[in-house]
Amino acid sequence: MSKQQYSHPDTVCIHAGKTGLNPHGALATPLYQTSTFVFDSAEQGAARFAGEEPGYIYTRLGNPTTRELELKVAALEGMEDAAATATGMGAVAAATMAFLQQGDHLIASKAIYGCSFALFNHQFARYGIEVSFVDMTDHNAIKQALKPNTQMIFAETPINPTLTVLDLEFIGQFAKQHQLISVIDNTFLTPLLQKPADYGIDLILHSATKYLNGHGDVVAGIIVGSTERITQIKLTTLKDMGATISPHDAWLIIRGLKTLSVRMERHCQNAQKVAEFLEAHPAIGQVYYPGLKSHPGYKFIGKQMKAAGGVLAFELNGSLDDGRYFINQCKLLSLAVSLGDAESLIQHPASMTHSPYTAEERQMAGISDGLIRISVGLEHVEDIIADLKQALTLMQQRQQIAIV
Ligand code: MET
């Protein structure tokens, strides 16, 4: 295992995490596409199962290609260890359920990705885990949600899809003060733009489907934390529930990570320009992007977050029907959920990513029916803006005809 420390994350993305399991010195990481590993003897197999001898057993329990991905992302987040998972939701479920049991209480942000909300709101109730959904911009509300059985606090920042920014320093300190396990989903910014570990956060999650992989061809997740906590996850929820990543998917993410730094830079530059264009357009109402001075999260830029990332949301001056018409007119932007790909993606959270919420729950979470989310891709920004502009013009013309 490489012990070398690199001073810059760009270099970490490319070089960190080498396991040394590379007998021919291949430049690219070898892909160990195998379900199982052959033991030299029955005694060796028994010793590996007993944890008395290091070495691989079976890919659900670990794999050398996956290990390189885990070590790389742990190094990027500045944490000891990581566990890669089959999907982002695999990471959310394995990380939370490893530490929560019947009778425990979880404080969760009231606005989070739709399936994280569904897991906490629908599934946890079935297992006797109590959840309070809280507006985490309101620190008093967090304090008031605390109960004697509270074990964990869970949030995303910026929030999917409202782009609300939460104060990681407060969350980290609050969790320490009350001996809670703090969990932050860092998917939107990646460790290149935000490092929750700097604020004492215990577990950091990613949907690796998104920016870490970056090419829209994988679903995967990863959990980052201390060796102790990651070991507990690997020996319980990950081993026994089995949301294990495929080695091939781990290999693709290792390849994608090599360009994470340059991709994030371009995503941020493009998103900033798109946000400014939308903010100035008469057909657009509110734009939600922390890179805009008008956004309450702007004060965190250059502090908690290096930049605002590649996702933005906005409301049109128009009806839900106008919004659907507008999205349908986009030609370059693909109408698809997910984010962090080279392709710009546009979607309607209320009916897509956040449809597990009821209309009332969405309203409480601040996700309006008119909200539209864009993952700004790596195309030339003028082409992205031109596509949005033509779709907005068509929508405005249709609105005019409707009035006449
Ligand atoms: C199945 S819906 C979405 C996937 C992804 N988490 C997103 O926010 O786009």
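This is a predicted model: local features need pLDDT of at least 70, side-chain atom pairs count only at pLDDT 80 or more; totals for chains, interfaces and linings use all residues.

Reader: Which feature does UniProt place at K210?

Author: The annotation comes from an unreviewed UniProt entry, and such annotations may be inferred rather than shown by experiment. For K210, the feature recorded there is "modified residue: N6-(pyridoxal phosphate)lysine".

Reader: Is K210 buried or exposed?

Author: A residue is classed as buried if 20 or more other C-beta atoms lie within 10 Å of its own. Because K210 has 25 other C-beta atoms within 10 Å, K210 is buried.

Reader: Leaving aside neighbours within four places in sequence, which residues is K210 in contact with?

Author: Contact here requires C-beta atoms, placed from the backbone, to lie within 7 Å. Once the neighbours within four places in sequence are set aside, the contacts of K210 are T187, S338, L339 and G340.

Reader: Which helix supplies the largest share of the side of domain 1 that touches domain 2?

Author: The domain assignment gives domain 1 as 9–257 and domain 2 as 261–403, and the contact between them takes 29 residues from domain 1 and 34 residues from domain 2. On the domain 1 side, at least two residues each come from α1 (9–15), α5 (114–126) and α8 (190–193). The largest share, 4 residues, comes from α5.

Notes: Residues are numbered from 1 along each chain as its sequence is written. A residue is buried if 20 or more other C-beta atoms lie within 10 Å of its own, exposed if 12 or fewer, and partly exposed in between; C-beta atoms are placed from the backbone. Two residues are in contact if their C-beta atoms, placed from the backbone, lie within 7 Å. Domain bounds come from an automatic or database domain assignment.
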